[in-house]
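Okay, thanks for making time, everyone. Let me put the model on the screen and then talk you through a few spots.

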Amino acid sequence: MKKILIIEDDLNIAEMERDYLELNGLMSEIVQDGVEGMKLALQGLYDVVIVDLMLPGKNGFEIIKEIRKKFEIPIIVVSARTEDIDKIRGLNFGADDYLTKPFSPAELMARIKSHISRYERLKGSNVSSEIISHGGLEINTAFHKVSVNGNEVQLTAKEYEILLFLASNPNIVFTKEHIFDRIWGDKFSGDMATVSVHIQKIRKKIEKDPSNPEFIETLWGTGYRFKS
């Protein structure tokens, strides 16, 4: 049974999340303190972490950053902070998703299931061995490894999925909406800034000059294209 860690200082919200998760067959554990929440998250016992940003002890940004140093498990932010800068910052630190309060428990559940499914698919060993190569960029689909000029780069699960999708369809323009639907795999409206933030992070890791990318090209007003 999948186990979810809920780091949330509002007990009413945390218990509502827990009850809904358990109704859907998922185990969960609630922690109301940021320091304790981070300690538990770093034990590697959970399949998904749901984290608030405003917490006693340590804030959610710090927790996300520390988890990402060790694990690629899905991290979902659930916060009352609705400003784009907070969403972008959370995603930059490594969160996979961001929901604002108040939120629909059904939407949270759908997103959790989607992230678990995609994470397990990426970890799966049933992917045939194939190297996708464009210039100095290589993507090993069997081991989910990416290298540039022979040097391995570390991508999060979502960053890898986006890069693999674009590189597997070179010279085709995809809108932000198309990429969001393809990678996040749900029909909720989402925040298209999520796509832009992930593209920026990928460029910083694979491009020699992120401001003048060789691989992922922006077509203003249209979307993104992987140049082959």
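Quick convention before I start: buried means under 20% relative accessible area, exposed means over 50%, and partly exposed is in between, with a 1.4 Å probe and protein chains only. Also, this is a predicted model, where local features need pLDDT of at least 70, side-chain atom pairs count only at pLDDT 80 or more, and totals for chains, interfaces and linings use all residues. Residues are numbered from 1 along each chain as its sequence is written, and side-chain values use heavy atoms, with hydrogens and water left out.

So, Asp97: buried or exposed? Asp97 comes out at 3% relative accessibility, so it counts as buried. It sits in strand S5, residues 97-100; strands are DSSP runs of E, at least two residues, and helices are runs of H or I, at least four, numbered from the N terminus. Contact means heavy atoms within 4.5 Å. Beyond its neighbours within four places in sequence, Asp97 contacts, among others, Arg111, His115 and Trp184.

Next, Val49, in strand S3 (residues 48-51). Val49 is at 0% relative accessibility, therefore buried. Skipping residues up to four places away, the residues touching Val49 include Leu5, Ile7, Ala41 and Pro74.

Last stop, the open sheet: three strands in the order S10-S12-S11, with antiparallel pairing. S10 (173-174) and S11 (216-219) are the edge strands with a single partner each, so one side of each has no neighbour in the sheet. Pairing here takes at least two DSSP bridges between strands, and S10 and S12 (residues 223-226) have two bridges. Val173 has Arg225 in S12 as its bridge partner.
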